[in-house]
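Thanks for coming. I'll go through one chain this morning, a piece at a time, and I'll give the cut-offs as the terms come up.

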Amino acid sequence: MINDKKKYLEHIDDKDEIINLRKLLDSIEIVMRDKNIISTDFLNPYQRKLSYSILNRFMDISYHEEGGYDNAERKMIILYPEYLRYTKFNDIISVLEITSNYDFSKISHKNILGSFMSLGIKREKIGDIIISDEYAQIIISPELKDYIILNLEKIGTQSVTIKEICKQDIIEYEKKHKKIYTTVSSLRLDVIVSSIFNLSRKDSSNMIKAGKVKVDFKPIDNISYNLNGGELISVRKKGRAKFEDILGESKKGKLRLLIYKYI
């Protein structure tokens, strides 16, 4: 039993994640008490980092990530008693493949996610969505696969066919992006968001203060937050971009940056 759960949350300053971490502590308690194997919902890298800050304090618990493939962005954490050696536990995830007789290039990540959520499926039950020119592969919680196959007939206006595939059949595609070369006066978050997403400094500052900007999945509300390079920046309803590299300085002392803006 975990006697004082509050002490395990004292270092967490993101109030939006407290509920998820309390659920994690409940799961840890069940694994310790009942010797069960339990998996979390799909978590982004930031959420997993917070989870590990708690999990690593329990020596009787082992854990493993599972997202369908090594470079998955969204993964579950499988918790199990320390004395069990990890083997590939069955039925942790399911993978669905969606095809269409029509122009599949018109089906977007947003379309697929919206269609799933219109069936009442919560975002945390959905892992990565991989889209090619001919099909999409979606990693999901296994208890939902039959419901989705029976009920999802269209994505947007396109009729689709869905089938379950093996995890070994996942084909990882590089995310489509366009290269942006930009020049900025500093590496402050408001400056870079303004440059990448074509916003005024006032608008970028307001979006940051409103909690609409994340850096490596962590909400940042400080406009003066300094970036170093390599970060993933997401702005609500504007998209995502990776601060790929600092290319050097201009003659006027401004910084030249390479940005990958995801399409």
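Helix α5 is followed by Asn198, whose phi is positive, near 60°. When I say helix, I mean a DSSP run of H or I with at least four residues, and a strand is a run of E with at least two, both numbered from the N terminus.

Before going further, a word on what this is. The model is predicted, so local features need pLDDT of at least 70 and side-chain atom pairs count only at pLDDT 80 or more, while totals for chains, interfaces and linings use all residues. Residues are numbered from 1 along each chain as its sequence is written, and side-chain values use heavy atoms, with hydrogens and water left out.

Back to α5. How many of the eight residues of this helix are buried? Seven are, so α5, residues 189-196, is mostly covered. Buried here means under 20% relative accessible area, exposed means over 50%, and partly exposed is in between, with a 1.4 Å probe and protein chains only. The buried ones are Leu189, Asp190, Val191, Ile192, Val193, Ser194 and Ile196.

Asp190 has a relative accessible area of 1%, and its side chain meets that of Arg201 in a salt bridge, 3.3 Å from N to O. The pair links distant parts of the chain, with Arg201 in helix α6 and Asp190 in helix α5, 11 residues apart. Arg201 is partly exposed, at 42%. A salt bridge is a side-chain nitrogen of Lys or Arg within 4 Å of a carboxyl oxygen of Asp or Glu.

A search of the whole structure finds 15 salt bridges. Another of them joins Lys145 and Glu164, where the closest N and O atoms are 3.3 Å apart. This pair also links distant parts of the chain: Lys145 is in helix α4 and Glu164 in strand β9 (residues 161-165), 19 residues apart. Glu164 is partly exposed, with a relative accessible area of 40%.

The side chains of Lys242 and Glu244 meet in a salt bridge too, at 3.6 Å, N to O. Lys242 is partly exposed at 28% relative accessibility, and Glu244 is partly exposed at 28%. Elsewhere, salt bridges that share partners join Lys5, Asp26 and Glu29 into one network.

Now helix α4 again, residues 145-151, which holds Tyr147. Which residues does Tyr147 touch, not counting residues up to four places away in sequence? Leu119 and Ile121. Tyr147 is partly exposed, with a relative accessible area of 38%. Its C-alpha atom is separated by 23 Å from that of Ile78, 69 residues apart along the chain.

Next is Lys154, in strand β7 (residues 154-155). Leaving aside neighbours within four places in sequence, Lys154 is in contact with Ser115, Ser159 and Val160. The C-alpha atoms of Lys154 and Ser115 are separated by 7.6 Å, although the two are 39 residues apart along the chain. Lys154 is partly exposed, at 48% relative accessibility.

A positive patch is formed by Lys110, Lys212, Lys214, Arg236 and Lys237. Patches are made of residues with over 30% relative accessible area and no salt bridge; like charges are joined within 9 Å, and nonpolar side chains (Val, Leu, Ile, Met, Phe, Trp, Tyr) within 5 Å. Lys and Arg count as positive and Asp and Glu as negative, with His and the chain ends not counted. Arg236 is in the loop between β13 (232-235) and β14 (239-249), and is partly exposed at 47%.

Last, the chain as a whole. There are six helices and 15 strands, and buried residues make up 46% of the 263 residues. The C-alpha atoms fill a box of roughly 65 × 55 × 30 Å, taken along the principal axes. Of the contacts with a separation of 6 or more, residues 24 or more positions apart account for 60%. That's the chain; questions are welcome.

Methods:
Areas by Shrake-Rupley, 256 points an atom, 1.4 Å probe, with all protein chains shown as cover. Charge placed at Lys NZ, Arg CZ, Asp CG, Glu CD. Contact = heavy atoms within 4.5 Å.
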